[in-house]
Amino acid sequence: MIEFRIDRRSGVSTYLQLVHQVRHALRLGLLAPGDRLPTAKEVVAATAINPNTVLKAYRELEREGLVEPRPGLGTFVRRSLAQPELASDGPLRTTLTEWVGQAVAAGLEREDVEALVKAVLDERY
Amino acid sequence: MSTIALEARALGKKYRRAWGLRDCTFQLPEGRIAALVGPNGAGKSTIMGLATGLLRPTEESIEVFGQRPGDQGSPDGLAFLGQDKPLYKGFTVAEMLRAGRELNASWEQEYAESLLADARIDPAAKIGALSGGQRTRVALAVALGRRPRLLMLDEPLADLDPLAREDVMRSLMAEVAETGMTVLLSSHVIADLEEVCDHLVLLIGGKVALTGDIDDLLAEHRLLIGARPESEPDFGPHTVIQRRDTQRQATVLLRTTAPVNLPDWDSDEPNLEELVLSYLRVAGAQETGDSK
């Protein structure tokens, strides 16, 4: 079961934070098909947010085909977003780790690297 | 059409010297968690007093699930938790619950007890010996024991430390998730409400300045930032709520009626706090202007 963390200063709406955190957990394999998401009551009892916000986030995830509600039982994961390349020993990750090593050796700060990565991502996506 | 939990129509309340509330109109649909926001003296407690029937309107009406609060006491389905948490210091927690049971036609003892158990409060403890947060949890249990469809809370977090605030809100939200009840929560601290409320009633000077579902209200407003214009800018059909200029830059809060296409400006959706503060600042400025 995942636990949500709400960052009240992030400027990202609470509903989107919940959606992002589920997608993130699906990518990392922390959530897999068949897993149950926490109920609205469980989420709000831990985070003190509006239960309607949780339901709205779950509806969005359902619309994307990632989860499905089962009446009386809860909301369950339907589909994973995990890709083998994302695993800690995947080839893409290994190449990226090497590349970041080169960036550090070249004296780049973290913010330089982030800006560079973002610029390249923006070119391609 | 959805059920309306609380509705005010041209509602007015005159106190001995002045109007506490005038021409106040709003609807609170069932199932919302609404923030009743405004400066001190804006009429927040007056609205709650009128809804319970403790106060009587001077003009027009207020209805709770279609009933006018009146001689039969508080309307069915309504529970109210006042600012001065109505608890007797000399009572034990269990005696306080018994009072709740005696004073209310509908009462669920087991539910009220389970809320206290969740809060880990000893039923034998004296009310006077509890912390502020624990007292709020007891008062909340007494209010929820009636199984209300509409729960009104007047400044429930005002005297609590941050940990107790979080505890109270978490337990309240969990009960809302469970029951689907409607909540009206007054506060003058907007930061407390941003994650919790989905509906807003903003009172300024006894009038409703802004009301509606918060998502809709935020989407209708735009916060523009741009170079300070040489001449009066034209915003077409949109209404300027507030404009602030520095030497070079202008910040404008716009209430829009259609999609905004203003290429000279950076346009963003405001957050709840920015929205409410802008309306309050404008009202404050008008007041000072009037008194000059």
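1. Start with B:Glu30, which counts as partly exposed at 29% relative accessibility. This is a predicted model. B:Glu30 forms a salt bridge with B:Arg149. Their closest N and O atoms are 3.3 Å apart. B:Glu30 sits in the loop between S2 and strand S3 (33-37) of chain B, and B:Arg149 sits in the loop between helix H4 (132-144) and strand S6 (150-154), so the pair ties together parts that are 119 residues apart in sequence. B:Arg149 is partly exposed too, with a relative accessible area of 40%.

2. Now a second pair. B:Glu232 forms a salt bridge with B:Arg243, and the closest N and O atoms are 3.2 Å apart. This pair links distant parts of the chain, with the two residues eleven apart. B:Glu232 lies in the loop between strand S10 (221-227) and strand S11 (239-245) of chain B, while B:Arg243 lies in strand S11 itself. Are the two partners buried or exposed? B:Glu232 is exposed because its relative accessible area is 65%, which is over the 50% cut-off. B:Arg243, at 29%, counts as partly exposed.

3. Salt bridges can also share partners. B:Glu7, B:Arg9, B:Glu63 and B:Arg68 are joined into one network in this way. One link in chain B is the bridge between B:Arg9 and B:Glu7, with closest N and O atoms 3.5 Å apart. B:Glu7 is buried, with a relative accessible area of 17%. B:Arg9 is partly exposed at 35%. Over all chains, the count comes to 20 salt bridges. As background, side chains of opposite charge can pair when their charged atoms come close.

4. Look next at the backbone of chain B. Which angle deserves a check at B:Asp23? Phi of B:Asp23 is near 50°, a positive value in a residue other than glycine. B:Asp23 lies in strand S2 (residues 19-29) of chain B. B:Asp23 is partly exposed, with a relative accessible area of 49%.

5. B:Glu60 is found in strand S4 (residues 59-64) of chain B. B:Glu60 is exposed, with a relative accessible area of 54%.

6. Step back to chain B as a whole. How many helices and strands does chain B have? Chain B has seven helices and 13 strands. Its C-alpha trace spans about 70 × 45 × 40 Å along its principal axes. The chain has 292 residues, and buried residues make up 49% of them. Take the contacts in chain B with a separation of 6 or more: residues 24 or more positions apart account for 66% of these. Chain B exposes about 14,700 Å². Carbon and sulfur atoms supply 46% of that area.

7. Turn to chain A. Chain A is divided into domain 1 (14-77) and domain 2 (84-124). The C-alpha centres of these two domains lie 30 Å apart. For residues 12-80 of chain A, UniProt lists "domain: HTH gntR-type", in an unreviewed entry. The span 12-80 of chain A is 52% helix and 12% strand. The end C-alpha atoms of that span lie 24 Å apart.

8. Where in chain A is A:Thr53 found? A:Thr53 is in helix H3 (residues 51-63) of chain A. A:Thr53 is buried because its relative accessible area is 16%, and buried means under 20%. Leaving out residues up to four places away in sequence, A:Thr53 touches A:Thr14, A:Tyr15 and A:Leu18.

9. Last, a surface feature of chain A. A nonpolar patch there includes A:Leu96, A:Trp99, A:Val100, A:Leu116 and A:Tyr125. Which elements give two or more residues to the nonpolar patch? They are helix H4 (91-105) and helix H5 (110-124) of chain A. A:Val100, found in helix H4 of chain A, counts as partly exposed at 33% relative accessibility.

How values were computed:
Residues numbered from 1 in each chain as written. Chains lettered and ligands numbered in written order. Predicted model: local features only at pLDDT ≥ 70, side-chain atom pairs only at ≥ 80, totals over all residues. Heavy atoms only, no water. UniProt positions renumbered as here; feature names shortened; annotations may be inferred. Helix = DSSP H or I, 4+ residues; strand = E, 2+ residues; numbered from the N terminus. Patch = residues over 30% accessible without salt bridge, like charges linked within 9 Å, V, L, I, M, F, W, Y side chains within 5 Å. Areas by Shrake-Rupley, 256 points an atom, 1.4 Å probe, with all protein chains shown as cover. Salt bridge = Lys/Arg side-chain N within 4 Å of Asp/Glu carboxyl O. Buried < 20%, exposed > 50% of the residue type's maximum accessible area, 1.4 Å probe, protein only. Domains from an automatic or database assignment. Contact = heavy atoms within 4.5 Å.
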